[in-house]
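Colleague: I am new to this protein. Please take me through the model.

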Amino acid sequence: MDNENSIKAACIQMGISDCNKRSNVDKALSMAKEAVSDGAEILVFPEVFSTGFCYDNMEMSGEDEKGETIGEMCAFSKKHKCVMIFSIIEKQSSSAEPEYYNLGVCLEDGYVAGTYRKTHPFKREKHYFSAGDSIHPIRLPKRELTIGLQICYEIRFPEISRKLASMGSDILVTIAEFPSPRCHIWRSLTIARAIENQIPHIACNRVGKSPDSSFFGGSLIVSQTGDVMEEAGDDESIIFGNIDLEKTTKIRNEIPVFDDRRPGLY
């Protein structure tokens with residue numbers, strides 16, 4: 001961090017070549033290099049950035065935590081002393097038939113700080129992915145920072161971000177392949193999740209096309225009060241935001257939403 005109370009974050013809004021792992025990882029690392037050169041310390045990538053939803057070849061696309069993609073991202077994170085947040089198709093081969101998850105990953109300075117399996121698969125995903133069964137934030141021990149990670153469709157469930165916030169998340173992060181034509185929904189929900197939980201929100205979407213969808217981008221970095229700090233268009237780009245962590249305490253003192261909650265009524 002530049003100082004005790006702020007950190008520079010970047011959304012790596014990229015197009016994804018479906019089922020082309022090498023091309024996608026190379027692009028992600030190239031854009032990541034540009035981001036860290038501009039001083040970013042937290043780098044956020046789209047959902048399943050390395051493959052897209054490669055339904056036609058899940059066997060090839062899936063990896064475990066010790067796979068090549070996480071290994072390459074760890075090496076970059078270690079070299080540049082940065083945080084990287086993304087998801088991949090996870091393949092678990094412990095049973096007779098492989099089991100697949102949408103695995104969110106958070107790296108800190110070359111180490112896997114934590115993972116999160118998407119708990120709410122969306123439509124077609126349900127036929128290919130198992131659902132995770134735990135919602136929990138991820139602690140970055142070196143930075144003494146806690147990340148609340150959710151994945152795409154989960155932005156529609158305020159219970160998820162509220163649980164992550166109530167468990168001590170400092171920053172909410174949403175990684176997504178949120179498709180056209182739902183740009184207004186994506187933008188509204190991203191801002192709402194920040195306002196209602198009074199924490200900054202980094203929301204990173206993809207661009208381009210997949211075999212059955214197109215993607216509008218529109219990545220956002222939003223403050224604790226819902227102010228849009230930076231917003232991307234519909235092309236490949238990197239957006240940056242200096243996140244003031246101290247502002248969370250200030251806004252919660254001014255408007256004590258968490259103190260005034262009455263969970264017994266809900």
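Colleague: Among contacts with a separation of 6 or more, what share comes from residues 24 or more positions apart?

Modeller: This is a predicted model, where local features need pLDDT of at least 70, side-chain atom pairs count only at pLDDT 80 or more, and totals for chains, interfaces and linings use all residues. Residues are numbered from 1 along each chain as its sequence is written, and side-chain values use heavy atoms, without hydrogens and water. A contact means heavy atoms within 4.5 Å. Of the contacts with a separation of 6 or more, the share from residues 24 or more positions apart is 69%.

Colleague: What percentage of the 266 residues counts as buried?

Modeller: Buried means under 20% relative accessible area, with a 1.4 Å probe and protein chains only. By that cut-off, the buried part of the 266 residues is 55%.

Colleague: How many residues does the largest nonpolar core have?

Modeller: Such a core is a set of buried Ala, Val, Leu, Ile, Met, Phe, Trp, Tyr and Cys residues joined through side-chain atoms within 4.5 Å. I42, I85, I171, V173 and I202 have the most contacts inside the largest one. Its number of residues is 43.

Colleague: Which residues of the second, separate core can you name?

Modeller: This core has 28 residues. Among them are M31, A32, F49 and L103.

Colleague: What are the spans of the C-alpha trace along the principal axes of the protein?

Modeller: The spans are taken over the C-alpha trace of the protein. Along the principal axes they are about 50 × 45 × 35 Å.

Definitions and conventions: Buried < 20%, exposed > 50% of the residue type's maximum accessible area, 1.4 Å probe, protein only.
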